[in-house]
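Hi everyone, thanks for making time for this. I'd like to walk you through one structure, so please have a look at it with me.

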Amino acid sequence: GSMDCGASYQLLADALPDEWPLAAVDWRGYGDSDPRPDGYLHVHNLGDLDALLEQLSPGVPARLVGHSLGGTVAATYAGVRPERVAWLVNLEGFGLRPALPESAPARHAAWLAALREHRQAHEVRRYASLEELAVRIAKRNPHLGPERARFLAGVWSRPAPGGGCVLRADPLHRLLSPIRPSPEEFAACWRLIRCPALLVYAGSSELVRRMGLAGSVERWCALVPDTTVASIAAAGHLLHVEQ
């Protein structure tokens with residue numbers, strides 16, 4: 001998911017069958033993956049996933065699990081390359097929040113300014129300690145609890161020069177991409193999904209509320225009929241870590 005990294009999936013991986021071969025992905029500019037100097041677009045993630053599966057599962061359909069941004073990428077890939085996906089687990093991957101057309105000039109101007117200023121205007125905040133970061137994560141995700149908030153603080157951050165820590169994410173990720181697929185474009189891809197899908201959503205998810213109709217279970221099921229739906233009541237958007 002956005003601002004996340006593959007290491008946070010350890011808790012989920014511990015609950016899966018031991019004999020399954022697993023690979024956890026850091027998208028570019030997250031975790032231990034190198035940043036892209038020219039910024040980030042949705043199609044970059046699709047290209048990276050396609051290349052990765054050619055290495056990990058050549059000629060054999062893969063099983064994909066994705067959360068939020070990762071769920072959106074996995075679902076879109078399953079529609080664009082249906083022969084490459086055996087089944088899909090989508091953890092609240094409902095696409096990107098729609099952008100108003102009239103906001104395009106401001107988005108493009110902000111994007112150009114960030115590139116010109118070499119990210120100086122969008123640097124990730126420094127935290128005095130892992131404990132401070134963990135408190136902030138727990139406040140935003142009340143279902144986590146202190147132990148798992150501390151776990152996330154550890155995998156999401158790296159030590160900062162001079163003390164404290166910073167998030168292991170390129171600051172440009174915080175800037176809205178000037179080119180964003182529309183809900184209709186996502187829908188056109190998702191209609192082509194042919195593998196079985198499991199859609200998991202959280203009862204207290206703030207993302208589902210913000211997305212409105214674009215994040216509704218009914219819309220997804222209308223687009224992907226071969227879907228099993230599961231709800232986790234005592235969880236927010238970080239459901240794969242919270243429960």
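Predicted model: local features only at pLDDT ≥ 70, side-chain atom pairs only at ≥ 80, totals over all residues.

**Helix 4 and beyond**

Let's start with helix 4, where Ala104, Arg107, Trp111 and Ala114 are buried. If you look down the axis of helix 4, those buried residues fall within an arc of 100°, so they line one face of the helix. On the other side of helix 4 you'll find Pro105, Ala106 and Arg116, which are exposed.

Now please turn to helix 2, residues 42-56. With 15 residues, helix 2 reaches 21 Å from its first C-alpha to its last, close to the 21 Å expected at 1.5 Å a residue. Which residues of helix 2 are buried? They are His42, His44, Asn45, Leu46, Asp48, Leu49 and Leu53. As for what covers them, the list includes strand 1 (62-67), helix 3 (69-80) and helix 7 (183-190).

Three strands make up an open sheet with antiparallel pairing, and their order is 3-5-4. The edges are strand 3 (126-127) and strand 4 (157-159), each of which pairs on one side only. As a quick reminder, strands of a sheet pair through backbone hydrogen bonds, either parallel or antiparallel. Between strand 4 and strand 5 (residues 165-167) there are three bridges, in the antiparallel sense. To pick out one partner, Ser157 is bridged to Leu167 in strand 5. Lying across strand 4 and strand 5 is helix 6 (residues 146-156), which runs at about 65° to strand 4.

Let's finish with the charged pairs.

The closest N and O atoms of Asp32 and Arg168 are 2.6 Å apart, in a salt bridge. Asp32 sits in the loop between helix 1 (10-13) and helix 2, while Arg168 sits in the loop between strand 5 and helix 7, so this pair ties together parts that are 136 residues apart in sequence. Are these two residues buried or exposed? Asp32 is exposed, because its relative accessible area is 62% and the cut-off for exposed is over 50%. Arg168, on the other hand, is buried, because its relative accessible area of 18% is under 20%.

Next come Asp50 and Arg81, whose side chains meet in a salt bridge at 3.7 Å, N to O. This pair also links distant parts of the chain: Asp50 is in helix 2 and Arg81 is in the loop between helix 3 and strand 2 (85-91), 31 residues apart. Asp50 counts as partly exposed at 22% relative accessibility, and Arg81 counts as partly exposed at 34%.

My last pair takes us back to helix 6. There, the side chain of Arg150 meets that of Glu131 in a salt bridge, 2.3 Å from N to O. Arg150 in helix 6 and Glu131 in helix 5 (residues 130-140) are 19 residues apart, and the pair links distant parts of the chain. Arg150 is partly exposed, with a relative accessible area of 39%, and Glu131 counts as partly exposed at 44% relative accessibility.

That's my tour, and I'm happy to go back to any part of it. Thanks, everyone!

Notes. Residues numbered from 1 in each chain as written. Heavy atoms only, no water. Helix = DSSP H or I, 4+ residues; strand = E, 2+ residues; numbered from the N terminus. Expected span 1.5 Å × (residues − 1). Buried < 20%, exposed > 50% of the residue type's maximum accessible area, 1.4 Å probe, protein only. Contact = heavy atoms within 4.5 Å. Pairing = 2+ DSSP bridges. Axes fitted to C-alpha atoms, helices over the stretch in contact; angles between N-to-C directions. Arc of directions from axis to C-beta. Salt bridge = Lys/Arg side-chain N within 4 Å of Asp/Glu carboxyl O.
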